[in-house]
Amino acid sequence: MDLKVQPVDGLYAIRPASALGAFWLQAHFPASEWDVLLAGQAVFNADCFAAIVDDARGAGLAVDLPIQVPS
């Protein structure tokens with residue numbers, strides 16, 4: 001697993017789960033955002049999150065997505 005995702009109040013937090021995941025985040029975001037990203041504190045709306053996951057998977061990263069069961 002390279003990136004882990006956690007839902008947070010209708011948003012999605014992404015954190016690295018491997019060195020490859022950390023490197024990928026650093027390659028896609030400015031250095032000023034790295035501390036927040038590497039700590040898993042950055043959150044994204046659904047549209048942005050979907051684009052990030054598609055890009056990460058396209059690069060060959062394994063993304064751990066939570067299972068959501070509609071109630």
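**Close-up views of a predicted model**

View 1. Tyr 12 belongs to strand 2 and Phe 49 to helix 3, so that the pair links distant parts of the chain, 37 residues apart.

**View 2. The pair formed by Phe 29 and Phe 44.** The ring centres of Phe 29 and Phe 44 are 5.9 Å apart and the planes stand at 45°, so the pair is classed as tilted. Because Phe 29 lies in the loop between helix 1 and helix 2 (34-38), whereas Phe 44 lies in strand 3, the pair ties together parts that are 15 residues apart in sequence. Phe 44 is buried, with a relative accessible area of 11%, while Phe 29, at 22% relative accessibility, counts as partly exposed.

**View 3. The largest nonpolar core.** This core has 15 residues, and those with the most contacts inside it are Leu 3, Ile 14, Trp 24, Phe 44 and Phe 49. Strand 1, strand 2 (11-16), helix 1 and helix 3 (46-58) each supply at least two of the core residues, and helix 3 gives the most, with four. Leaving aside residues up to four places away in sequence, Trp 24 touches Leu 3, Ile 52, Asp 55, Ala 56, Ala 59 and Leu 61.

View 4. Four strands form an open sheet in the order 3-2-1-4, with mixed pairing. Strand 3 (43-44) and strand 4 (63-64) are the edge strands, each of which pairs on one side only. Strand 1 (residues 3-8) and strand 4 run parallel and are joined by two bridges, and Leu 3 stands opposite Val 63 in strand 4.

**View 5. Confidence along the chain.** The mean pLDDT of the chain is 92, and 94% of its residues reach 70 or more. Confidence is lowest in strand 1, at a mean of 93, and highest in helix 1 (residues 19-28), at 96. Where pLDDT is low, the predicted coordinates should not be read in detail.

Note on methods
Residues are numbered from 1 along each chain as its sequence is written. This is a predicted model: local features need pLDDT of at least 70, side-chain atom pairs count only at pLDDT 80 or more; totals for chains, interfaces and linings use all residues. Side-chain values use heavy atoms; hydrogens and water are left out. Two strands pair if DSSP finds at least two bridges between them. pLDDT is the predictor's confidence in each residue, from 0 to 100. A nonpolar core is a set of buried Ala, Val, Leu, Ile, Met, Phe, Trp, Tyr and Cys residues joined through side-chain atoms within 4.5 Å. Buried means under 20% relative accessible area, exposed over 50%, partly exposed in between (1.4 Å probe, protein chains only). Contact means heavy atoms within 4.5 Å. Rings of Phe, Tyr and Trp (its six-membered ring) pair if their centres lie within 6.5 Å; planes under 30 degrees apart count as stacked, over 60 as edge-to-face and the rest as tilted.
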